[in-house]
Amino acid sequence: MRVSNVGVRVLLSAATVMSVGLAPAAHAATTATAGPGLQRSLDAVVAAGAVGVQAEAVDERGVWRGTSGSARLDGSRPVPRQGRFRIGSTTKTFTATVVLQLVAERRIGLDDPVGRHLPGLVPDGEHITVRQVLNHTSGLREYLEDAEAYPIRGQEFLDEVRFTRFSPERLVRDAARKEPYFPPGEGWHYSNTNYLLAGLIIERVTGRPYGEEVRRRIIEPLGLGNTSVPGGRTSVPGPHAHGYMRVGGRAVDITRLDPSWAGAAGEMISTTGDLNRFFGALLGGRLLPPAQLAAMKTTVPTGSPDGGADGLGLMRLPLPCGVTVWGKDGGIHGFTTQSLHSSDGRRHISISVNEADFFGEEYPQVIAAVQKAATAAFCGPE
């Protein structure tokens with residue numbers, strides 16, 4: 001499952017978590033069909049090494065919400081049900097939705113060259129299209145590959161990045177100085193640089209920051225009261241679990257940070273319930289006209305062993321039981337997100353994991369357990 005590549009989504013690096021004991025689990029009285037099996041799956045995520053995990057599943061029978069593990073590494077309190085968390089690269093689906101709304105309004109063309117809207121910002125901008133930016137076929141380098149300029153782990157991250165304000169223009173220009181992966185349209189390579197560009201295009205076309213457009217066009221109309229674009233805010237508002245990173249043998253609570261280095265590619269905060277509502281509205285045709293939703297769901301191969309393919313800010317994933325789902329995963333320091341949904345927008349699973357160490361040895365086991373939990377919502381327990 002493509003969630004196994006979550007490091008690439010924002011941080012580019014594999015990571016892992018230390019084991020902690022299980023805390024009491026909780027779930028809602030009105031339950032979706034998969035509820036009992038999902039609770040066991042969430043317990044398995046914590047047993048694999050996560051500090052805590054929360055999920056919301058929705059199907060024709062109702063809603064199931066479950067948690068396992070702890071909100072803090074010391075185990076002092078349980079994960080809050082419907083607690084807020086950083087969603088990492090799941091932000092990209094919100095950004096792409098706004099771009100496609102502008103396409104529907106004829107203010108942007110998917111085949112417009114980037115250089116038409118942002119002249120001179122990236123080399124070869126006259127040959128890179130908006131569509132190639134959204135489906136990662138632009139060839140633009142990943143800015144986070146420059147570990148000297150943007151260290152994403154260790155004491156260097158704490159000293160140089162954690163509370164530093166970065167402009168998307170600077171990040172894009174730094175990436176654009178590097179040799180591209182391939183000529184535009186001649187390959188696929190996940191790059192957060194693409195979505196910083198998408199955010200800048202939104203700003204250039206509307207005259208407002210991408211975050212304001214996300215709020216105006218998506219968050220407010222859908223009533224996503226627990227979803228936000230942090231901007232300069234470093235805290236996670238409202239009830240939330242805490243994420244950690246190990247530095248020099250000690251666990252640092254990394255929940256507070258300035259997410260401007262992720263920007264339109266990965267800065268947003270939400271809840272499992274709000275994510276399910278957003279994807280339900282998106283896939284149900286409430287946010288985009290049919291032509292733009294079809295464009296969003298037109299995929300390119302990624303070479304992923306799980307068969308996942310990328311659309312425009314949306315991934316298509318075939319599950320082992322033969323069901324195909326749509327959604328997006330995400331990772332940012334301290335948190336991992338997986339959000340998967342049926343094609344008609346009527347069945348959902350959104351999961352958030354708070355980590356003990358995003359860069360430790362056991363992270364693959366945690367991600368494998370998340371994969372099983374997400375699959376169980378559509379395929380049933382193994």
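Me: In this predicted model, in which loop is Asp306 found?
Reply: The model is predicted, not experimental in origin. Within it, the residue Asp306 is found in the loop between β8 (300-301) and β9 (309-310).

Me: Is Asp306 buried or exposed, and what is its relative accessible area?
Reply: A residue counts as buried when its relative accessible area is under 20%. Asp306 therefore falls in the buried class, with a relative accessible area of 17%.

Me: Why is the pair of Tyr150 and Phe166 edge-to-face?
Reply: A search of the whole structure finds 7 aromatic pairs. For Tyr150 and Phe166 the ring centres are 5.5 Å apart, and planes over 60 degrees apart count as edge-to-face. The pair is therefore edge-to-face because its planes stand at 70°.

Me: How many residues apart in sequence are the parts that Phe157 and Trp261 tie together?
Reply: Phe157 and Trp261 form an edge-to-face aromatic pair, 6.2 Å centre to centre with 85° between the planes. Phe157 lies in helix α6, whereas Trp261 lies in the loop between β6 (250-253) and β7 (269-270), so the parts that the pair ties together are separated in sequence by 104 residues.

Me: What relative accessibility does Phe157 have?
Reply: Trp261, its ring partner, counts as buried at 2% relative accessibility. Phe157 also counts as buried, and its relative accessibility is 0%.

Methods. Residues are numbered from 1 along each chain as its sequence is written. This is a predicted model: local features need pLDDT of at least 70, side-chain atom pairs count only at pLDDT 80 or more; totals for chains, interfaces and linings use all residues. Side-chain values use heavy atoms; hydrogens and water are left out. Helices (H or I, at least four residues) and strands (E, at least two) are DSSP runs, numbered from the N terminus. Buried means under 20% relative accessible area, exposed over 50%, partly exposed in between (1.4 Å probe, protein chains only). Rings of Phe, Tyr and Trp (its six-membered ring) pair if their centres lie within 6.5 Å; planes under 30 degrees apart count as stacked, over 60 as edge-to-face and the rest as tilted.
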